[in-house]
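Please look through the sequence and the model first, then read the notes below them.

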Amino acid sequence: MAKATVVRKVGDDVSTDAIYPGRYMATVLPSETPQFAFADDLDLNQKLKAGEVPAGSFLIAGKNFGCGSSREQAASCLKGYGLVVIARHFARIFLQNSINVGLNMVICPELEAEEGHELEIEGGQVWNRTTGRSFAITPLPKARQAIIDAGGLIPYARRLLLERSA
Amino acid sequence: MDRKQETIMGMTYVQKLIARACGRSEVAVGEVVEPPVGLAMSHENAALVINQFLEIYKETGREPKVWDPDRIAIIFDHRVPAESSKTATNQKKVRDFVAQQGIRKFHDIRGDVGGICHQILPENGYVRPGAMVLGTDSHTTTHGALGAFAFGIGATEMAAVWTLGKLLNVEVPGTIKVVVNGPVPAGVYPKDIILHLVGKLTAEGANFKVIEFRGDAIRTMPTSGRLVLCNMTVEAGATAGVVPPDEETVRYLREEAGVDGPLDLFGPDEDAIYERVVEIDASRLAPQIACPHTVDNVKPIEEVTGKKVHQIVVGSCTNGRLDDLEVAARILKGKRVADGTRMVVFPASWRIYSEALRLGYLQDLVQAGAVVCNPGCGPCLGVHQGALGDGETALATTNRNFKGRMGNPSSEVYLCSSAVAAASALSGVISDPRGVL
């Protein structure tokens, strides 16, 4: 992954209601969900909608990012902007949804970085190019690697469907 | 491999359940399995599942056909009746799909068989002990109360289940044993027990684990209370909550859910290995309140009594059952909801609504000034009725109090039992129900 900037740093236990508020849940299509990403964080939401955040930019979070609801919109809305989410760790359903829809996510328990810092992912480490320090990445669950390698659950499930006798 | 040898001594309830589902004598914690699915549930978000399901079939030359229409349940509850043309169009799309695929466990917007998915599944006997139950809703953990391994998944994951009939690449989870002993004091309810547990474990304390409930306070608790406990295990990050089935489970299934035929009843091994054991002495518990803006910010009621409340909510998949309406009606009967406070009631299903109507509970609530709405998710997630104004405070029997949860990021939500909610409706401030019961 190329070097890019931290566009937002959020805290621990950021819920799917914060990432994608429940009142927008009638909008379901991945092509339509990005407009409501962090809808209650007006500054970030407007920057994203205005195209001011380049794809590949980092959103960094504390522990248990994406806790709460199973709504897949929370993963698809971030994927729509090509954001890379780095968290100390992720909540289970959000982690699986993100792998399924192909959102780039990184588990980095010790990361120290601030908004505006330049980060780069290389050799199993998150490098903070602003401070010159590096932090180890925890691999995503091995059980799900086949889905990641396939580019998401839709192509993976499609392959299994085709392998099954008609 | 080492890990496998370690765990084969005894199995937890869910370990054993997964082994049986996979047709094996044993599975180890951490092992990757692909168990067949017993029941796959969705609500309005079936609209997205359908979209992803059709994506999987795209350019395959195969006709999109769900693996087993009798193992799929779809219940409209999040926005009923539809609050917008967009929702109504999604619901129409789902209705067409249900007819086309021959899905019969479909609960449309109806005053006889409708309601919230996490009440509809148990009361119709769709959930059995030993079953794998998946739902595109995080509170699918509720169904562990009947001895199922039940948990929430996303829409694309569900689309793969509809296609293949199994869950792909899952790790057998470890289990935390939570032993709850009583006797439970008057004025303290299953909601207080689970709020206390979430506070103790924290919002991430059970991440990727199953919570298995044991102890004499669980054995003597009716299924309605076990549903409350399992419903909120996800608030501690748990994959699932489960109560190993017993006589009460059988009673509920036979008498309240109309289930005939054999049941697959089994328990955890006595030498099962748990990752952690947590003991709760319920006899010492006071009513508990989860304070804004996280469910694990739990305090005994003494610390928050007197807090002004603008809206009281009784209902939801957590606490919208007959015993919740009974205690609220008992507290409010012949009295009056305080001025400056409004109270809205959302029964969990129309069966419960009808029963509460027959028993006079709804009359008591309405005469006290409560607004009784139709069964559904209502204000719980801020999408349909009961929104909060800027700076307002709600006290609710629902399961989440995240910032903005009830539709307004500048409002606050406190969570409590139905008894606390009703007692507080009388005074307009958070109040201890032990004074009015």
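The structure is a predicted model. Chain A and chain B bury about 4000 Å² between them, and the largest nonpolar core holds 86 residues. Over all chains, the structure holds 41 salt bridges.

**Nonpolar cores**

- In the largest nonpolar core, of 86 residues, the members that touch the most other members are Phe65(A), Leu78(A), Phe94(A), Ile74(B) and Trp162(B).
- Helix H3 of chain B, residues 46-57, gives the most to this core, with eight residues.
- Apart from this core lies another, of 45 residues, and Val180(B), Val198(B), Val295(B) and Leu415(B) are among them.
- Not counting residues up to four places away in sequence, Phe65(A) touches Val10(A), Val14(A), Ile19(A), Phe38(A), Leu59(A), Leu78(A), Val85(A), Ala87(A), His89(A), Phe90(A), Ala91(A) and Phe94(A).
- In soluble globular proteins, nonpolar side chains tend to be buried together.

- Helix H4 of chain A, residues 92-101, has ten of its ten residues buried, so it is largely enclosed by the rest of the structure.
- The buried residues of H4(A) include Arg92(A), Gln96(A), Asn97(A), Ser98(A) and Asn100(A), and also Ile93(A), Phe94(A) and Leu95(A).
- In chain B, helix H9 (residues 223-231) is mostly covered, with nine of its nine residues buried.
- Among the buried residues of H9(B) are Arg226(B), Leu227(B), Val228(B), Cys230(B) and Asn231(B).

**The contact between chain A and chain B**

- Chain A brings 47 residues to the contact and chain B brings 45 residues.
- Of the area of about 4000 Å² that the two chains bury between them, 55% is on carbon and sulfur atoms.
- Across the interface there are four salt bridges and 27 residue pairs in polar contact, with both residues at pLDDT 80 or more.
- On the side of chain A that touches chain B, H4, helix H5 (145-149) and helix H6 (153-163) of chain A each supply at least two residues.
- H6(A) gives the most to that side, with eight residues.
- The residues of that side of chain A divide into 23 nonpolar, twelve polar and twelve charged.
- Glu157(B) and Arg144(A) meet through their side chains in a salt bridge, at 2.9 Å from N to O.

**A buried glutamine**

- Gln73(A) lies in helix H3 of chain A, residues 73-79.
- Gln73(A) counts as buried because its relative accessibility is 4%, under the cut-off of 20%.
- The side chain of Gln73(A) reaches two backbone oxygens, that of Met25(A) at 3.1 Å and that of Thr27(A) at 3.1 Å.
- Leaving aside neighbours within four places in sequence, Gln73(A) is in contact with Tyr20(A), Met25(A), Thr27(A), Val28(A) and Thr33(A).

**Salt bridges within a chain**

- Arg23(A) and Asp40(A) form a salt bridge through their side chains, at 2.5 Å from N to O.
- Arg23(A) and Asp40(A) both lie in the loop between helix H1 (16-19) and helix H2 (42-49) of chain A, so the pair ties together parts that are 17 residues apart in sequence.
- Arg23(A) is partly exposed, with a relative accessible area of 27%, and Asp40(A) is partly exposed at 31%.
- Asp269(B) and Lys16(B) meet in a salt bridge between their side chains, at 2.8 Å from N to O.
- Asp269(B) is in the loop between helix H10 (247-256) and strand E11 (276-281) of chain B and Lys16(B) is in helix H2 (residues 13-21) of chain B, so this pair ties together parts that are 253 residues apart in sequence.
- Asp269(B) counts as partly exposed at 23% relative accessibility, whereas Lys16(B) is buried, with a relative accessible area of 16%.
- Glu302(B) and Arg434(B) form a salt bridge in which the closest N and O atoms are 3.2 Å apart.
- A network of salt bridges links Arg8(A), Asp41(A), Asp43(A), Lys47(A) and Glu115(A).

Conventions
Residues numbered from 1 in each chain as written. Chains lettered and ligands numbered in written order. Predicted model: local features only at pLDDT ≥ 70, side-chain atom pairs only at ≥ 80, totals over all residues. Heavy atoms only, no water. Core = buried A, V, L, I, M, F, W, Y, C linked by side-chain atoms within 4.5 Å. Buried < 20%, exposed > 50% of the residue type's maximum accessible area, 1.4 Å probe, protein only. Helix = DSSP H or I, 4+ residues; strand = E, 2+ residues; numbered from the N terminus. Contact = heavy atoms within 4.5 Å. Buried area = accessible area lost by both parts, 1.4 Å probe. Polar contact = N/O pair within 3.5 Å; in protein donor to acceptor, adjacent residues only side chain to side chain. Nonpolar A, V, L, I, M, F, W, Y, C, P; charged D, E, K, R; others polar.
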